[in-house]
Amino acid sequence: MEATRHVANFGAGPAKLPRSVSAAGEALQVYGFVIHSLSFFHVAEMSHRTSDFSKIIKTAENLLRELLNIPENYKVLFLQGGGSGQFSAIPLNLLGLKETRYADYVVTGAWSAKAAKEAEKYAKVNIVHPKLASYTKIPDPSSWNLNPEATYIYYCANETIHGVEFDFVPDVKGALLVCDMSSNFLSKPVDVSKFGVIFAGAQKNAGTAGVTAVMIREDLLGFALKECPIVLDYKVQVENASLYNTPPCFSVYIMGLVLEWIKNNGGAAAMDKLSTVKSQMIYDLIDKSNGFYVCPVEKKSRSRMNIPFRLGSIKGDEALEKKFLDKAVELNMISLKGHRSVGGIRASLYNAVTIEDVQKLAAFMRSFLETHQS
């Protein structure tokens, strides 16, 4: 237990939990039970039909509404299926708003590409910008060709694999905007009123895998296509307070603890400041390494959440990168290996990753540079 406490987890998700939250989870593992009325049982055994769980899910909703200042005309759902489930749910719920089945997609990385591909099953998808040779930048909005007949415009706020992040909300001239915020959710304040739908898998910044938060403007409910599975129908889930089917009770419980932790530590604005400090620490080191560390992403599009980089050159030196990863594990720094589709190194700096964790990584990177730079 003591050794585990000092591991710095830079995983892209499921990601590090705040220490106070993971300690609560450890207590449940050790003792196995929590107090429930006059009896004892594990949170994972809790029926979603009990008043106890109703309090848990309502508390999570209230905290989320407070943290993001969610307007009253937006419904909050806690659903299963992850972000990938929402790739289907978005077109299935929204395309019925118009007779034509058109949808605009901004494709800036693997996740928005997957979302667009899934939407092609139901919609005529328009990729609004010229195809990117590589996912290393946000295409200039002046190059976007929006379809006025499109029901909605979709983008992914942060691409975990390629390390590309929007630092702005696209101006879509009043069109319906949909956003996947899974990997930078609650890392900064967001004006929810600019969006029709926001969704976010919890396992990056808001909890553990299993639950996905969905925020939808209420006038968009009730337009699901007839082929929409009932568990993906937002109107049905709203009418049942996210309880149409058994929700991931334990994941919702953990999410509530994380939301409370964010609130107690200054909210989204404080997370924003910390994210800037943490990411800049690593980017500065990369940029001043004389090419020993190389980040392929254009500076103005760099993610504060996920920092991909190679060693030796833009294409990387695999032998050197293996030495880097092996040494990092020896020093209790884990999950730094880049995604299998791009290779290299990736440091994910979500909310629960501490300044001390990042300082430790930066110190190691400096030491490794001094040892191996020719």
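Axes here are lines fitted to C-alpha atoms, for helices over the stretch in contact, and the angles between their N-to-C directions run from 0 to 180 degrees. Helices themselves are DSSP runs (H or I, at least four residues), numbered from the N terminus. What you're looking at is a predicted model, where local features need pLDDT of at least 70 and side-chain atom pairs count only at pLDDT 80 or more, while totals for chains, interfaces and linings use all residues. Residue numbers start from 1 along each chain as its sequence is written, and side-chain values use heavy atoms, with hydrogens and water left out.

**Two helix pairs**

Two packed helices are described by the angle between their axes and the distance between the axes. Here's how two pairs look:

| Helix pair | Angle | Axis distance |
|---|---|---|
| α3 (residues 51–68) and α7 (residues 249–264) | roughly 40° | within 9 Å |
| α9 (residues 318–330) and α10 (residues 355–372) | about 135° | 11 Å |

Start with α3, which passes α7 in a left-handed crossing (the near helix is turned anticlockwise from the far one by less than a right angle; clockwise would be right-handed). Sorted by class, the contact of α3 with α7 has 12 nonpolar, 1 polar and 3 charged residues. In this sorting, Ala, Val, Leu, Ile, Met, Phe, Trp, Tyr, Cys and Pro are nonpolar, Asp, Glu, Lys and Arg are charged, and the others, Gly among them, are polar.

Now for α9 and α10, whose crossing is right-handed. On the α9 side you'll find L320, K323, F324, K327 and A328, and they meet F364, M365, F368 and H372 in α10. That contact has 6 nonpolar, 1 polar and 2 charged residues.

The largest cavity holds about 60 Å³ of space, and K16, P18, K204, N205 and A352 lie nearest its centre. The second largest pocket has W111, T160, S182, Q203 and K204 nearest its centre, and its lining divides into 6 nonpolar, 12 polar and 3 charged residues.

Notes:
Helices (H or I, at least four residues) and strands (E, at least two) are DSSP runs, numbered from the N terminus. Contact means heavy atoms within 4.5 Å. On a 1 Å grid over the protein atoms alone, a cavity is a set of points where a 1.4 Å probe fits but cannot get out, and a pocket is an open set with protein on both sides within 12 Å along at least five of seven lines; lining residues have an atom within 4 Å of a point. Grid points are joined across faces, edges and corners, and a volume is the space filled by probe spheres set on the points.
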